Amino acid sequence: MPSVASVPMPLYVASAISVLLFIFISFLLNFGGKGHDNRAVLRKNLLRTAAVCLIAGAYGTEGVLVARRPDNLGPSPDHTVAATYHAVAWAAACLRRQLVVSEILGLATICLLFGVPSVTIEAVAGGRTKEQTGLLAVQFTRLLLIVCLLADCVSRFARRKQKDGSTEEGSPFLSDGTGSPSYGSTDRLPIGSDSTSDSGGDDQDEDDEDGDGKDVRATQLRKSGSWTVYLQHFKIFLPHLIPREDPKVQACVLLCVLCLVGDRVLNILVPAQLGLIADKLLARQLPYADLAIYLVLTLVHGNSGLGMIRALAKIPVEQFSYRRLTNAAFAHVMSLAMEFHADRDSAEVMKAVEQGGALTRVLDTAMLEMLPTVVDMAVAFVLLYTKFNAAVALCMLTASLAFLAAEVVTSSWNVDNRRRVTRAERREARVMHQAVQGWVTVSAFNMLAHERLQFGNAVDKQLAAKRDWSRRDAYITALSEALIPVTFFALACLVAHEVYVGRASPGDFVFLVQYWDFLIWPIKFLSHEYRYLMADLIDAERLLDLLTTEPTVADREGAARLTGPVEGRVEFDHVEFAYGDKRTAIHDVSILAQPGETVALVGTTGAGKSTLAKLLLRYYDVTGGGVRIDGQDVRDVTQGSLRDVIGVVPQDPLLFNASIMENLRYARLAASDEDVYEACRAAAIHDKILSFADGYGTKVGEQGVKLSGGEVQRLAIARVFLKDPPVLVLDEATSAVDTETEAEIQAALQRVSKRRTTFVIAHRLSTVVRADQILVLHEGAIVEKGRHQELLDRGGRYAALWRKQLGGTDEHVLVDV
Ligand SMILES: Nc1ncnc2c1ncn2[C@@H]1O[C@H](COP(=O)(O)OP(=O)(O)OP(=O)(O)O)[C@@H](O)[C@H]1O
């Protein structure tokens, strides 16, 4: 007699797994979201709520009816388990404040997919008992309700589509319109911004202040919504983490994967072998041979076998990510424009790059640790299902997913604390860097105690943040790990029952005990890794911020090199410029410097002289007009080729903490020793260098602190001589030398400037009297223009400046002119 038992049991198991996975994935996608926008929810009215409740009730009834079915109809635990899973899923949907369209659609589809075939099989089977007919009626009613609900969802979706017209047509149903795979929430809670976070609000604000508002992007990231949306921001790191073009690293990844596969096989073989030994012992046989096999298997399985090979193969994989990521971060930071560097604290930038290094573990963690664990769970499911029954397998799967879900929830409780830690670390680095770098100022003002206090506070803050994070981490670990013995207890009860009823042997129980270790360890590891992966991502937020910062000055697509040989005709054509939102720094400035001419820029402090030099070097782009060299706009040529033809002696030249020779060669790496000596002679510093104990090998200290201001300036001039560019910018190049040395350098400068266009920025007017043009700047505009004598004759601003300097007033008087 055909009976309900003719429905294939795997159909029920598959349906239970589908519903379980659907709920889990739906949870993952939704977690962190504040809610769903109108398009994604069905208003919860009485009819719909009643329909969902009835479906849940129908599944519950089906479960009870099947469980209580008389034995002669064939016990069907899989059917009962599947019905229970569905009942719970629908009950959970009913308990939500809103009915989410995607969830209803997903659940209904799964139910129809598995429900229709099973009900059809049961319906066509003849000779039903009264109970079977009752069960069929329940199932049929349930299917009808589901179809109605599905139709309701679809019609609502269609109505919505009509209303929204094309706007929604293009967007995926589950999308929030931003292309993100979320459920369409627009206003989401920041990840981890739960009310239970113990990071005090005040502290938070204070820390944000520490960031000087530079955490804007990180804040945007946090506010971006659920963690799936959040993770998408990190896509830009993928090329640096995946070894697409490196066969050696690819081979190592493959080796790791093979080790993992071997590991998974041994995960089963080792406990199976132990089960075999237990069975032999119970049968009073001596299992020496099996014990020897067990020994070999465990040796291969452990850290002295596959573990060691994997550890060795992982080294190049980790180094690959580190190399790519840090090089990319360094190159990007260095390619950013002056605006960025003027705005950021260098210590913080360095710390951000260092913190971002945590991402190098991502490939390792995601590919080599987390992915295999998912495979482990699938293998364990099949194994437990074939060895025992669906209940045992589903119990394991449910517990694992619940464990992971708990991890996702609990980890989010600590996200704010982690952000506080990274911010506090960056602040600590900044305070230390500023104090160490500014040691001279600190000690000159006798502020050592103050700096110690500042640093101490920064350290305390960092430790307090870390303490909060670690404490919460310990609570989270304790909470999530409490699930482990509970799961083992449930599994052990189920297997013990199977042994008791004779469907499994005691050896199978031993198998479970050993296999449990292999199974739970990766799951524990997975959740642990998830937590640390989130921490790594938080640490890398500022690096992400840096890497996504567009340079404000960049080479145009296909920009050519400045074509040469460059004669040095420099033209400022009605140039306008302002720093950020500040008031105009340069206003309608036009200058034409013919090749070989010397143009002097004089004027009050803050008049805009150095700014003009920065515009020539294209550290900033003009906001109006244009700057041209030999008729080529500096914005149309590559920055590299532009800076190759300009030599600068800045107001405060920076020397690297290396030998004098190395510092000089920085201008031209291929320069011979004789070229360097020649340049130094021209800059009147050669004899001085030879008088040092180590001559050209003398270390200059950080920023050249071991040299006098005049010596540093002359070395900077020598560097430019060595570079030998067609255009020179001397920004107060001789301000720090005595009158005698200045005369020497001036003579040298005149010699070299004969062949090149030179811009001289000077406060000391005696240095510019021979200039071909003298431009007097005032508040960003040229107010006077001419040669020295012409300007004196005019009796204007320049003449007044000149008189004051002749009168013996010091340079500071110029500030007030
Ligand atoms: N990075 C910057 N961001 C914002 N404003 C700036 C920046 N650099 C300079 N400024 C402002 O632009 C104006 C012109 O500065 P600039 O350095 O060109 O003056 P200067 O004539 O060279 O002065 P000095 O003779 O003292 O060197 C000043 O008011 C200055 O405060």
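I began with Leu269, which I found in helix H11, the element spanning residues 247-282, and I noted that I was working on a predicted model.

Next I turned to a helix pair, H18 (residues 415-437) and H20 (residues 448-481), whose axes are 8 Å apart and pack at an angle of about 160°. Since angles over 145 degrees count as roughly antiparallel, I recorded H18 and H20 as roughly antiparallel to each other. The crossing in which H18 passes H20 is left-handed. On the H18 side I listed contact residues including Arg420, Val421, Ala424, Glu428 and Val431, and on the H20 side, among them, Phe455, Ala458, Gln462, Ala465 and Trp469. Sorting this contact by class, I have 10 nonpolar, 3 polar and 10 charged residues.

My last entry concerns strands S11 (residues 773-778) and S12 (residues 781-786), which run antiparallel and are joined by 5 bridges. I looked up Leu777 in particular, and its bridge partner in S12 is Ile782. The two strands, S11 and S12, form a hairpin with 2 residues between them, and in that turn I noted Glu779, which has a positive phi of about 45°.

How values were computed: Residues are numbered from 1 along each chain as its sequence is written. This is a predicted model: local features need pLDDT of at least 70, side-chain atom pairs count only at pLDDT 80 or more; totals for chains, interfaces and linings use all residues. Axes are lines fitted to C-alpha atoms, for helices over the stretch in contact, and angles run from 0 to 180 degrees between N-to-C directions. Helices (H or I, at least four residues) and strands (E, at least two) are DSSP runs, numbered from the N terminus. Angles under 35 degrees count as roughly parallel, over 145 as roughly antiparallel, 65 to 115 as roughly perpendicular and the rest as oblique. A crossing is left-handed if the near helix is turned anticlockwise from the far one by less than a right angle, and right-handed if clockwise. Two residues are in contact if their C-beta atoms, placed from the backbone, lie within 7 Å. Ala, Val, Leu, Ile, Met, Phe, Trp, Tyr, Cys and Pro count as nonpolar, Asp, Glu, Lys and Arg as charged, and the others, Gly among them, as polar. Two strands pair if DSSP finds at least two bridges between them.
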